[in-house]
Amino acid sequence: MSLRFHNQLTKRVDDFTPQQAGAVSLYTCGPTVYNHLHVGNWAAYVYWDTLVRVLTANDLTVTRVMNITDVGHLVSDGDDGEDKLEKGARREGKTAWEVAEYYTDDFLLGMERLNLLAPEYLSKATDYIDEQLALVRRLKEKGFTYQIGDGIYFDTARFPTYDDFAGLHLDAQKAGARVEFNPEKRQASDFALWKFTPADESRDMQWLTPSDLTDDGSEPYGFPGWHLECSAMAMSLLGETIDIHTGGIDHIPVHHTNEIAQSEAATGKPFAHFWLHNNHLKVNGTKISKSLDNGYTLDDLIEKGFSPLDVRLLLLQSHYRSEGNFTFDNLTAAKNRRHNWRNVAALRHQLRDQTPPTEDESTDNLTVALHTATHALVETLSDDLNTPETFKLIDEVFRQLTSHIPTEAHQPALQSFLKTVDALLGLALIDSTPDISDELRQRIIQRQQARDAKDWAASDRLRHELEESGVLIRDTADGTIWEYAA
């Protein structure tokens, strides 16, 4: 089965083959842990979780690194402004270390709520200071660095292909259009590898700069640049060339362009063979912004009666490279869709006896459809993570399942299909659909007996009792089935 992904490096959809047969090295740009993540932030992690699941379904062993940026990410993507962790510390009256720990824990809780697979390495930038300094040293030895008043910078003029990844055409852009202009820099595109703590400031997170890294032999306190962190951690844990690097499209013009420059300048090798980027998620057709107060967190949505898995399903309804749109109407529709899917999954608990003993034509057709769809799920998602088409496929199979109650003969194929849906999409259809109790099953039987006896009062009473217990009854041509009320 072939895997194909849109690769920012080539600007086209390419067939994917890992460097090492059977294994994939993957780096995911993780969160800056200074605040709660909003639904737009979570979209990326849902998409890249799906990527891991699809790679695994193609019999590949994935080794993934996801960073935790707990220092060095300034309020702009350039090299000016306040560190986001220091800003968060001032906002909450805590230390930057306390802020980082709190929001790291909050991120991990969100991953659990969204049923995201844990990466093999969740690496904190502050745990890799030595590796980052070593990378700066390596770049200095090769002549790619220079020092100005506020730090050590990468000289982009020394890296001739700097413009290529993002198609920047920097020579045609005026200084300041892409990043903040600093008159001390040799080129506007040059970026900080290591920032110095201003002489009149004291930071919670700072480290002595080794004298062999500075041009003047000084040892000021400083901290790493945001771009440096990802390169150092990726190469330390995965090697100098990795298979896949993921992130948002907003990372392309600055963050990922800078990662490529510093990594490949240091090693002389390609940094990553594939670069995958997810598009933005808007809210009610507008950008998520603090002024509009539309950056809904998972807690906000849970308080409004939605499950994080409703959010997951909503996000996956859009292709990762398409611009998504979050509205509460859309989220409600996603919630209803997941509820319907759960009720279809619950059919595995109420398979009717197979009569006659040999499979009839409808049984054969449904079994074939389930087996075919199970393979088609993997194939469709292997084509650049085509989740919208995958959802159409699932809806069609579930439509066939609800037209007739499945028989016992369908059990293996149905179970396999549901397991594949859960493995690929992480919607926990099986885990979230337990069987009902024997007591409730007995009430369903009693209600059917009342209906057969035309005791409508008893039938209605038992239906009401079941509803109060969270079970709805639906009468079909094949018999009575139960569904979850919510």
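What percentage of the 486 residues in the protein chain is buried? Buried residues make up 53% of them, where buried means under 20% relative accessible area, exposed over 50% and partly exposed in between, with a 1.4 Å probe and protein chains only. The model is predicted, so that local features need pLDDT of at least 70 and side-chain atom pairs count only at pLDDT 80 or more, whereas totals for chains, interfaces and linings use all residues. Residues are numbered from 1 along each chain as its sequence is written, and side-chain values use heavy atoms, with hydrogens and water left out.

View 1. Helices (H or I, at least four residues) and strands (E, at least two) are DSSP runs, numbered from the N terminus. The C-alpha trace spans about 95 × 50 × 35 Å along its principal axes. Of the contacts with a separation of 6 or more, 76% are between residues 24 or more positions apart, a contact meaning heavy atoms within 4.5 Å.

**View 2. The open sheet of five strands with parallel pairing, in the order β5-β4-β3-β11-β12.** Two strands pair if DSSP finds at least two bridges between them. The edges are β5 (121-124) and β12 (272-278), each of which has a single partner strand, so one side of each is left without a neighbour in the sheet. From one strand to the next the twist averages 20°. Strand β4 (residues 61-68) runs parallel to β5 and is joined to it by four bridges, with methionine 66 standing opposite leucine 122 in β5. Helix α3 (residues 96-113) lies across β4 and β5 and runs at about 145° to β4, the angle being taken between N-to-C directions on a scale from 0 to 180 degrees, with axes as lines fitted to C-alpha atoms, for helices over the stretch in contact.

**View 3. Helix α6 (residues 252-267) and the glycine that follows.** At 1.5 Å a residue, the 16 residues of α6 should span 22 Å, and the end C-alpha atoms are 21 Å apart, which agrees; the expected span is 1.5 Å times one less than the number of residues. Helix α6 is mostly covered, with 14 of its 16 residues buried. Glycine 268 comes after α6 and has a positive phi, near 75°.

**View 4. The open sheet of five strands with antiparallel pairing, in the order β6-β7-β8-β10-β9.** At the edges stand β6 (145-148) and β9 (207-208), each with a single partner strand, so one side of each is left without a neighbour in the sheet. Strand β7 (residues 151-154) runs antiparallel to β6, and four bridges join the two; isoleucine 148 stands opposite glycine 151 in β7. Helix α4 (residues 129-141) lies across β6, β7, β8 (191-196), β9 and β10 (221-224), and runs at about 120° to β8.

**View 5. The contact of helix α1 (residues 39-57) with helix α12 (residues 411-425).** The two axes come within 7 Å and cross at roughly 130°. That makes α1 oblique to α12, since angles under 35 degrees count as roughly parallel, over 145 as roughly antiparallel, 65 to 115 as roughly perpendicular and the rest as oblique. Thr50, Arg53, Val54 and Ala57 of α1 make the contact with Asp422, Ala423, Leu424 and Leu425 of α12.

**View 6. The hairpin that joins β15 to β16 through two residues.** Strand β15 (residues 471-476) and strand β16 (residues 479-484) run antiparallel and are joined by six bridges, and leucine 472 has glutamate 483 in β16 as its bridge partner.
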